[in-house]
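Take a look at the sequence and the structure, then try each task before you read on.

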Amino acid sequence: MPGGLRHSVQHRSRRFIVCISDKNHTLRVAARAQALAVHFLPAMAIDLARLFGGETGDHVDKFSLCQWHAGPRGLPILDQCGRWFAGSILEQRAVGDHVAFVLEPFAASNDGGTDTLAFHQAKQLSPGHEA
Ligand SMILES: Cc1cc2nc3c(=O)[nH]c(=O)nc-3n(C[C@H](O)[C@H](O)[C@H](O)COP(=O)(O)O)c2cc1C
């Protein structure tokens, strides 16, 4: 989606799967939700990765420790992330110790650069919960 911010998604046939561990606080929130927002962190946002990947909502209110605003359907959108999409949850399916959420995107943004935080940077973080 080149050319800046977009808030509606044309290709409704596209689907994404997000897998969330049954250990995670996020799963208990997502299980009650009708939609999820998925963020692509900028390369410089290692602090955000540390907050969301290295802490658990069981002990920390992560959204009180970062800047965010209400996006489409009230979903929390992180101010530091210009690239994200929001999707309706079509299905939840148990896959071992994770639950797979099938998402139908309905809104997206690609505001900002394409310098995404690399997996090799994030994998050095210790997860707040065992995977
Ligand atoms: C690089 C990295 C990738 C991760 N990927 C996932 C993932 O795909 N699914 C998941 O459920 N947890 C994943 N985690 C683990 C959670 O982000 C971590 O356990 C977090 O503290 C859970 O927070 P919560 O209890 O508030 O949900 C990942 C962690 C890191 C550091």
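Predicted model: local features only at pLDDT ≥ 70, side-chain atom pairs only at ≥ 80, totals over all residues.

**Exercise 1.** With which residue does the side chain of Asp22 meet in a salt bridge?

Residues are numbered from 1 along each chain as its sequence is written, and side-chain values use heavy atoms, with hydrogens and water left out.

*Step 1.* Start with the rule: a salt bridge is a side-chain nitrogen of Lys or Arg within 4 Å of a carboxyl oxygen of Asp or Glu.

*Step 2.* Apply the rule to Asp22: its partner is Lys23, at 3.3 Å from N to O.

*Step 3.* Check accessibility, where buried means under 20% relative accessible area, exposed over 50%, and partly exposed in between (1.4 Å probe, protein chains only). Asp22 is partly exposed because its value is 39%, and Lys23 is partly exposed because its value is 34%.

**Exercise 2.** Find the salt-bridge partner of Asp58 and say where each residue sits.

*Step 1.* Asp58 pairs with Arg28, and their closest N and O atoms are 2.6 Å apart.

*Step 2.* Now place them: Asp58 is in the loop between α2 and β3 (68-70), while Arg28 is in helix α1, so the pair links distant parts of the chain, 30 residues apart. Here helices (H or I, at least four residues) and strands (E, at least two) are DSSP runs, numbered from the N terminus.

*Step 3.* For accessibility, Asp58 comes to 34% and Arg28 to 41%, so Asp58 counts as partly exposed, and Arg28 likewise counts as partly exposed.

**Exercise 3.** Which residues make up the largest nonpolar core, and which element gives the most to this core?

*Step 1.* A nonpolar core is a set of buried Ala, Val, Leu, Ile, Met, Phe, Trp, Tyr and Cys residues joined through side-chain atoms within 4.5 Å.

*Step 2.* The largest one has 11 residues: Ile20, Leu27, Ala30, Leu36, Val38, Phe85, Ile89, Val99, Phe101, Leu103 and Ala108.

*Step 3.* At least two residues come from each of α1, β2, β5 (83-95) and β6 (98-110). The most, four residues, come from β6.

*Step 4.* Another core, of 10 residues, lies apart from this one, and includes Ala45, Leu48, Ala49 and Leu78.

**Exercise 4.** How many salt bridges are there by this rule?

*Step 1.* Besides the pairs above, include Glu91 and Arg93, whose side chains meet at 2.5 Å, N to O.

*Step 2.* The count comes to five salt bridges.
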